[in-house]
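My notes are below, in the order I looked things up.

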Amino acid sequence: PRTTPPSFLQMVRIVYRNPLELWGEPSYNEPVIHVRGGIGGPLLIANDPALVRHVLVDDARNFRMARVRQKILRPILRDGLLTAEGETWKRGRKAMAPVFTPRHIRGFAGPMLARAERFAAIYETRDGAFDMAHDMTQLTYEILAETLFSNEIAGDPDLFGDRVERLLETMGRVDPLDLLAAPDWLPRITRLRGRKALAFFRQIVRETMAMRRAKLDRGADVPEDFLTLLLKAEGPDGLTRDEVEDNIITFIGAGHETTARALGWTLYLLAHAPEERLRVEEEVDRVTAEVNDPYDWLDAMPYTRAAFEEALRLYPPAPSINREAIAGFEWNGETIAAGTQVLVMPWVLHRHRLYWDRPDAFVPERFWPENREAVGRFQYLPFGAGPRICIGASFALQEAVIALGVLMRRWRFDMAPGAPEPWPVQKLTTQPEGGLQMTASAR
Ligand code: HEM
């Protein structure tokens, strides 16, 4: 952490390059920090679990999505669940609840397993170091393409995959103009760059939707993937046609890079923790041999799950959950003005000295079933909390345990000799700068 506060220009530079570097020593020791006269108005950094609960749960209706996030993501995701607000969000969340029922998540376990197994075979031909961060993005993208569309994509699937990567890159870029709260009519280079990829991408999504809709209308057999489920959620009280499209784009935007980052960081942490890695390997060997249905792996592999959850603590893929106060409110005798930006920072909360013992150490046992009750609900927020909690959390946990099970029963992953220590950088997600240089050896 920093020991001296940055100047205004330094701050803009840091926020543009890597907002995570903004968090100085006091952030990790104090519960609430006010920044008055900050960029874009007053700022409240909420590292007090009681305040987090107030903002995300108890008084959630008084807090909208933060302006900066809306400016970056809304042009891309429009009325998708992540960026929708008010009544549109409420109707969308209700219409989509059936999409994420345990029965449907269970149905995805088979495709997740098949994709992960196919992916695990690539290490047979790998010689030397590779970038694990990139590999995990590829794996989770493949799993998403399968669970979203059953790979029935209009046109060339590789071209589509390529555009997805470009789109995510655009979503990860913060334009300095937005940080300086410049007016909206000023064109943003970052948005212009992504516009072509986005137009092409939306076109393919629309064609893919039309193909599937035609099949449904014909009464043909269709897979029960996200696309079918979303199309079924369309209707007068449900989603509009445009919202189905926005949500497909949202699932792609919110649903694969996040899990990819978490898997990459888990394998990185395990490569530095031989004893914990051995425990995961033993569990994975036993369970994958004895338990046939991959849906049951999540419960059958508590240690693997704990290692993943501990990686979500140390490297939360969504490092900040930002809100703006609609009306002013009182907190601990102080008046917080309407329009205050409130930052709930899993990145800081998860390493906060007031709430964690040995905050920087990798200790999966914290999430061992009998210990996890000791972890306060509002000090650990990888998926957020309250009405806007991640709708894909159980999908992500199931996917992670299946992917780790399949990869680790065959391969042992180590850091490549001389690989630089990865530096976490906040883009769309918490990414390792320079990637994760690793090697694979057959077990
Ligand atoms: C919301 C994290 C995986 C779809 C969120 C939020 C967080 C989060 C922190 C709350 C944002 C806020 O309150 O401002 C993660 C992490 C994941 C993950 C860490 C993986 C490890 C997924 C997956 C999907 C998904 C797999 C979809 C298939 C969404 C959507 C929302 C959301 C649609 C918006 C929910 C709403 O506002 O009602 N996610 N997510 N996420 N996530 Fe995830």
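These entries go through a helix, a loop residue and a sheet.

**Entry 1: ground rules.** I'm working from a predicted model, so I keep that in mind throughout.

**Entry 2: helix α1.** I started with α1, which covers residues 8–17. I found Met11, Val12, Ile14 and Val15 buried there. Looking down the α1 axis, I see the buried residues within an arc of 165 degrees, so they line one face of the helix. I then checked the other side of α1, where Leu9 and Arg13 are exposed.

**Entry 3: isoleucine 389.** Next I went to the loop between α16 (346–349) and α17 (393–410), where isoleucine 389 is found. Setting aside neighbours within four places in sequence, I listed the contacts of isoleucine 389 as Arg93, Arg377, Phe383 and Gly384. I also looked up leucine 56: 333 residues separate it from isoleucine 389 in sequence, yet C-alpha to C-alpha they are 8.8 Å apart.

**Entry 4: the sheet.** I traced an open sheet of three strands, ordered β4-β12-β9, with antiparallel pairing. I marked β4 (130–131) and β9 (411–415) as the edge strands, since each pairs on one side only. Between β9 and β12 (residues 437–442) I have five bridges, antiparallel. Across from alanine 440 in β12 I found phenylalanine 413.

**Entry 5: back to α17.** Last, I followed α17 and saw that it lies across β9 and β12, at about 90 degrees to β9.

Conventions. Residues are numbered from 1 along each chain as its sequence is written. This is a predicted model: local features need pLDDT of at least 70, side-chain atom pairs count only at pLDDT 80 or more; totals for chains, interfaces and linings use all residues. Side-chain values use heavy atoms; hydrogens and water are left out. Buried means under 20% relative accessible area, exposed over 50%, partly exposed in between (1.4 Å probe, protein chains only). Helices (H or I, at least four residues) and strands (E, at least two) are DSSP runs, numbered from the N terminus. The arc is that of the directions from the helix axis to the C-beta atoms. Contact means heavy atoms within 4.5 Å. Two strands pair if DSSP finds at least two bridges between them. Axes are lines fitted to C-alpha atoms, for helices over the stretch in contact, and angles run from 0 to 180 degrees between N-to-C directions.
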